[in-house]
Amino acid sequence: MPFYMTRRLIARRSFLMVKSVAIVGAGVSGLTCAVVFAERGCRTAIFAEATGQHTTSAAAAAVWFPYDAEPVDSVIAWALETYDVLVDLSRDSQTGVSVLELRQFSRTDEIAIPDWSIPLGPQRLFAVATGLRPVSDRPQRDGDNLFQSGFALSVPLMDTMIYLDYLANRFIKTGGEINANVRLEKFEDVDPRFDLVINCAGIGARGLVPDADLEPHRGQVAIVPKIDNLNCAIVCDDEPLMYAVPRANDCVFGGTNEISDDLAVDPAATSTIVAECSRALNIDKPKVRAERVGLRPFRKSGVRLERGKLRDGRTVIHNYGHGGSGFTLSWGCAQKVFDLANR
Ligand SMILES: Cc1cc2nc3c(=O)[nH]c(=O)nc-3n(C[C@H](O)[C@H](O)[C@H](O)COP(=O)(O)OP(=O)(O)OC[C@H]3O[C@@H](n4cnc5c(N)ncnc54)[C@H](O)[C@@H]3O)c2cc1C
């Protein structure tokens, strides 16, 4: 059992009321819940149509930062809880979690440093040129004045190529079971031997619940080779959305955010993303290794984290609608699911 959970979990184990849990979904929400329940002694199984690199979670840049998710108060609380767990995980190099500097910029305004970030020690950035070469070394280029203001914050980054496997392996080592290629039409189809069903279906909850409040916020990224000297993540949420996130073996360039169900790669979007990131970093355009598209499960009325009843009398706990913050909220939400299950 990981050291950061030991004391708290032993204290809670004696209150365990749920014996067997079926989790629908193998993205970051489903895997994190699976780890939490399995490590606390529940028989836990995942049922999911897609797993690993085929989920929306695999398309994410997976930087810790609350973005495109509601309601603000709960989101911040779950995010801060998740932050602590991820910082602990970053001490183990096998997890795929690291802590890096996030530089958040604005093209137009004096950027507001959010109140919730104050305990994390944000630093206002006075030099907003993000080109990787010093400005004095070369003639002024467009990227130098791309941004008007910015701040820096140390945040966890999850390398999805490593982290999703880490979660799955940690779950399996505890005796958990992952049933892939299982498409459910309704929750009542889950094997009746499981007394609790947890819904971590992401955008799939739209049809499964059903829930018309879910909106697909389509995101596309380009994976490029590692960029020399890029040691921090650079993000600008103004239009056009732009981010460059260095990972262990490559770099994620983004991005887009539009309401659309289209999972096909748009080559024009890739060109725009690569051009904008290269301009901001003041580098030549790198070769694109891969392109990925995912549907952020944005829920207009906010993340759904509550108990419900299935037609067969079993309890379902919904945990979906995390929008652009599924990684950022993952451990806080999984803890809340566990508390709801044992209420
Ligand atoms: C381009 C992009 C960049 C992002 N960047 C970040 C970021 O930097 N930080 C961050 O925190 N978040 C980010 N996100 C958001 C994050 O990826 C999502 O919030 C998160 O992946 C949602 O995870 P999930 O487990 O809820 O859903 P998913 O990863 O979509 O997983 C859903 C699971 O449910 C299964 N499922 C669905 N329907 C059914 C069914 N009927 N039967 C069986 N199985 C079913 C699926 O097969 C899958 O296994 C980004 C997203 C995108 C697209």
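These are my notebook entries on a few places I looked up in this predicted model.

**Entry 1: the residue E101**

I began with E101, which I located in strand β3, the run of residues 97–106. Next I looked up what E101 touches beyond the residues up to four places away in sequence, and I found A152, S154 and C232. I also checked E101 against N231: the two are 130 residues apart in sequence, yet their C-alpha atoms are 7.7 Å apart in space.

**Entry 2: the shell around the ligand**

I turned to the ligand and wrote down that 43 residues surround it, the closest of them being G27, G202, G204, G219 and G326. The elements that contribute two or more residues to this shell are α2 (28–38), β8 (214–225), β13 (290–299) and α7 (326–341). When I sorted the shell by class, I had 20 nonpolar residues, 20 polar ones and three charged ones.

**Entry 3: helices α3 and α7**

As α7 gives residues to the ligand shell, I followed it to its contact with helix α3, which covers residues 72–89. The two axes come within 6 Å and cross at roughly 100°, which means that α3 lies roughly perpendicular to α7, the range for that term being 65 to 115 degrees. On the α3 side I listed V75, A77, W78, A79, E81, T82 and V85, and these meet T328, L329, S330, W331, G332, C333, Q335 and K336 on the α7 side. By class, I recorded eight nonpolar, five polar and two charged residues in this contact.

**Entry 4: strand β15 and its partners**

Strand β14, residues 304–309, pairs with β15 in the antiparallel sense, and here I noted six bridges, including the one in which K309 has T315 of β15 as its partner. I also recorded that β14 and β15 form a hairpin with five residues between them, and that G313 in the turn has a positive phi of about 95°.

Methods. Residues numbered from 1 in each chain as written. Predicted model: local features only at pLDDT ≥ 70, side-chain atom pairs only at ≥ 80, totals over all residues. Helix = DSSP H or I, 4+ residues; strand = E, 2+ residues; numbered from the N terminus. Contact = placed C-beta atoms within 7 Å. Near = placed C-beta within 6 Å. Nonpolar A, V, L, I, M, F, W, Y, C, P; charged D, E, K, R; others polar. Axes fitted to C-alpha atoms, helices over the stretch in contact; angles between N-to-C directions. Parallel < 35°, antiparallel > 145°, perpendicular 65-115°, else oblique. Pairing = 2+ DSSP bridges.
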